[in-house]
Amino acid sequence: MHAIGVDIGGTKIAAGVVDEKGEILAQTRRDTEPDDVASIDRAIADVYAELTAEHEVGAMGLAAAGFVSPDRTSVLFAPNIAWREYPLARNVRELVGDDDVSIVVENDANAAGWAEFQFGVGRDATDMLMLTVGTGLGGAIVVDRELVRGRWGVAAEVGHMRVVPGGHYCGCGHEGCWEQYASGRALVRDGQNALIAQPDRATRLLEICGGDPEKLNGPQITQAAQEGDDLAVELLATLGRWIGEGAASVTALLDPELIVIGGGVGAAGDLLLQPVRRAFADQLSARGHRPEARIELAEHGNEAGIVGAADLARR
């Protein structure tokens, strides 16, 4: 059975028809407004109509960046989209007008993690931790080949573990969450601060962003680092340290055999992965007396949410 996966972001949705092998057969996208949740509903219905015009599907998975209800029909809370106790599946079904299609809401990091576990770098693992390092920091946990959702459906929100009491304010309403130090947003914030505080070291980054620190973004930092810029390499190393140290703390609880790093910052490759591995090893408890988790980059890139959401909906 083919299924549609929809990856819902703050400003766009990406959707595709996915077969049982995890291959995307057709794909489309729409722009959305994070404060206009009705526009997101309409965009999902629109891509459903487009994709089902040429493909027969039996299920649709909606990968949402937020806390998903236990029955996987609603979004309880989202830091970056105006969802509060929001009946996403019901609203979309009313617009779609098809009672035969199964509509399932899934956390976006869970969807990406499931894609990697089923069809990507984790296909041979039994216990896996996925970290999606994008604008924020999401997580997915697989234990004994089962996705862990928790009693109330909101497990694996590792980005909201507090790592710095009284630290940077987070969209979840607290301060010092891990995602405020281990995310694309943190990378850009630190980069912008460095342009102001260390202009003598920031020549290349200032050039790339047109001399305006406010226009600096993550891909620009990655580009400069790949060119050998010392400051950009240092910024990625700092991000990698935060990811690695936090992953070691999560490992003390879960003991995974594999840790997968996904999300947009994965484009930095070894410039990010090596600092992650070093920091993980430095902070791992009882190192030398226990097996150590492998740490690898995700294989599916930006399509992981589509693939995972579709497969979870099909199941």
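## Salt bridges

A salt bridge here is a side-chain nitrogen of Lys or Arg within 4 Å of a carboxyl oxygen of Asp or Glu. By this rule the count comes to 18 salt bridges. One of them joins Arg30 and Asp46, with N to O at 2.7 Å. Arg30 belongs to strand β3 (residues 24-31) and Asp46 to helix α1 (residues 37-52), so the pair links distant parts of the chain, 16 residues apart. Helices (H or I, at least four residues) and strands (E, at least two) are DSSP runs, numbered from the N terminus.

## Basis of the model

This is a predicted model, in which local features need pLDDT of at least 70 and side-chain atom pairs count only at pLDDT 80 or more, while totals for chains, interfaces and linings use all residues. Residues are numbered from 1 along each chain as its sequence is written, and side-chain values use heavy atoms, with hydrogens and water left out.

## Two domains

The chain is divided into domain 1 (2-114 + 303-314) and domain 2 (125-298); these bounds come from an automatic or database domain assignment. Taken over C-alpha atoms, the domain centres are 26 Å apart.

Contact (heavy atoms within 4.5 Å) involves 18 residues of domain 1 and 19 residues of domain 2. The two domains bury about 1,400 Å² between them, 61% of it on carbon and sulfur atoms. Buried area is the accessible area (1.4 Å probe) that two parts lose on being put together, summed over both. In domain 1, Phe67, Asn110 and Trp114 lose the most area to domain 2, together 34% of what that side buries.

## Links across the interface

The rule finds 1 salt bridge across the interface of domain 1 and domain 2. Glu106 also forms a salt bridge with Arg149, the closest N and O atoms being 2.7 Å apart.

On the side of domain 1 that touches domain 2, the elements giving two or more residues are β5 (67-68), β6 (75-77), β8 (102-107) and α3 (108-119). The largest share, 5 residues, comes from α3.

The structure holds 3 aromatic pairs, meaning rings of Phe, Tyr and Trp (its six-membered ring) with centres within 6.5 Å; planes under 30 degrees apart count as stacked, over 60 as edge-to-face and the rest as tilted. The rings of Trp114 and Phe117 have centres 5.5 Å apart and planes at 40 degrees, so this pair is tilted. Both residues lie in helix α3, 3 residues apart, about one turn of the helix.
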